[in-house]
Amino acid sequence: MKIAVVGTGYVGLVTGTCFSETGNHVTCVDINEAKINQMKAGVVPIYEPGLEDLFHRNVGEGRLNFTTSLIEGIEGAKVIFLALPTPPGEDGSADLKYILQVANDLGPLLKEYTVIIDKSTVPVGTSELVKNAIAQHAKVPFDVVSNPEFLREGVAVEDFMKPDRVVIGTESERAKELMSKLYAPLVRQGNPIIFMDERSAEMTKYAANAFLATKITFMNEIANLCELVGANVDDIRRGIGTDSRIGKRFLFAGIGYGGSCFPKDVQALAKTSEENNYKFHILDSVMRVNENQKTKLLPQVRQYFNEDLAGKTIAIWGLAFKPYTDDIREAPALYNIEALLEAGCTIKAYDPEAMPNVQALLRDSVQFCKNPYEALEDADALLIVTEWPQFRTPDFDKMDSLLKNKVIFDGRNLYELSQMKELGYTYYSIGRQTVLS
């Protein structure tokens, strides 16, 4: 099948690459000429495990192509995916200008029946807006389908190729048939394709992300209470996670969620509620708690240094909002860096993938290091922000020789309390007792 994907961010590039892997001929369209030239030269512009191998294989076999021309990109396409950004506006609502602009442009370009698919996360009712925009100038029949993505950065390729479910919003039998054929290779193990109306599909994506954000935030609230009553949040996580009604995932306490999806989608759903005169109290609390949670360890950092951080050097391990990605959107690291710089600290940071993105944002206000141990040289303390696997089993003897003080502020609970006590560290974590050396 000939497919066009408009937009080559995380969702668009993963979508286009994975569909080409199942034998389709895919053209990815983007107005960013430098980005298109980069991909034509064989350079993948994002870090996503497993993506590069698929990218090079399908480019080499002629199934994956790139262009800045919408006319060229959609030529002969049976389906057109819109994977465009929907950034939050000042009021928290999703900004649909990119999607609606492309929809306006598509109308006069369609030559035969085509299915246009909203892959972006969009508010309820967007499919109708897209349909109306296309219909103004379209001279052939078409359908607009809502097909939300449920990709987790860091495992997006696996999520796409082996989806838990595929949600498709359409009431058109013609579109259902085409979408079933398109996704058939990905659901051979029996995972369902769930058909529903467009509005329900749009709401499903927001409901899923808001629920997961709420689950994370609930555990962070439990963790904060654990610190006051002397309980251990890790034990509680294991105790409730074995309950099949709750499940084991998204129960790890830490310094809040970030990324491109949860913050934006929770905010957008809250805005949708407000526009419909409904007060979504849980989401208001989730946003407020998560905002505070991102800098949860800073009061303890200040207390350890007797409220005087001026001139202190803080090593930071982890800049991405989560491991296995270079995405720094709404990353807790940025909030902590900003506060520490304002307090007069010097920051030495290391992340396996995200340093170029932070460097582009913060320039020379942060020292970027070649490895985690370089960040520790002459540092007064270590702050762990992202749970990259390589941080879980470091060379503690080497760390001892580099850190000025044996103190770790761990926002991801990487180490056991007993281990830290045995090694003689002062160790602050989330929802657990502080270990004092």
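Two strands pair if DSSP finds at least two bridges between them; helices (H or I, at least four residues) and strands (E, at least two) are DSSP runs, numbered from the N terminus. This is a predicted model, where local features need pLDDT of at least 70, side-chain atom pairs count only at pLDDT 80 or more, and totals for chains, interfaces and linings use all residues. Residues are numbered from 1 along each chain as its sequence is written, and side-chain values use heavy atoms, leaving out hydrogens and water.

**Exercise 1.** Find out in which sense β1 and β2 pair.

Solution. Start with β1 (residues 2-6): five bridges link this strand to β2, and the sense is parallel. Next, pick out Lys2, which sits opposite His25 in β2. Now go to the other neighbour: β3 (residues 64-67) runs parallel to β2, with four bridges. Here Val29 faces Thr67 of β3.

**Exercise 2.** Work out whether the pair Tyr257 and Phe262 is stacked or edge-to-face.

Solution. Rings of Phe, Tyr and Trp (its six-membered ring) pair if their centres lie within 6.5 Å; planes under 30 degrees apart count as stacked, over 60 as edge-to-face and the rest as tilted. The structure has 16 such pairs. For Tyr257 and Phe262, the centres are 5.8 Å apart and the planes meet at 80°, so this pair is edge-to-face. Now try Trp317 and Phe391: with 5.0 Å between centres and 25° between planes, they're stacked.
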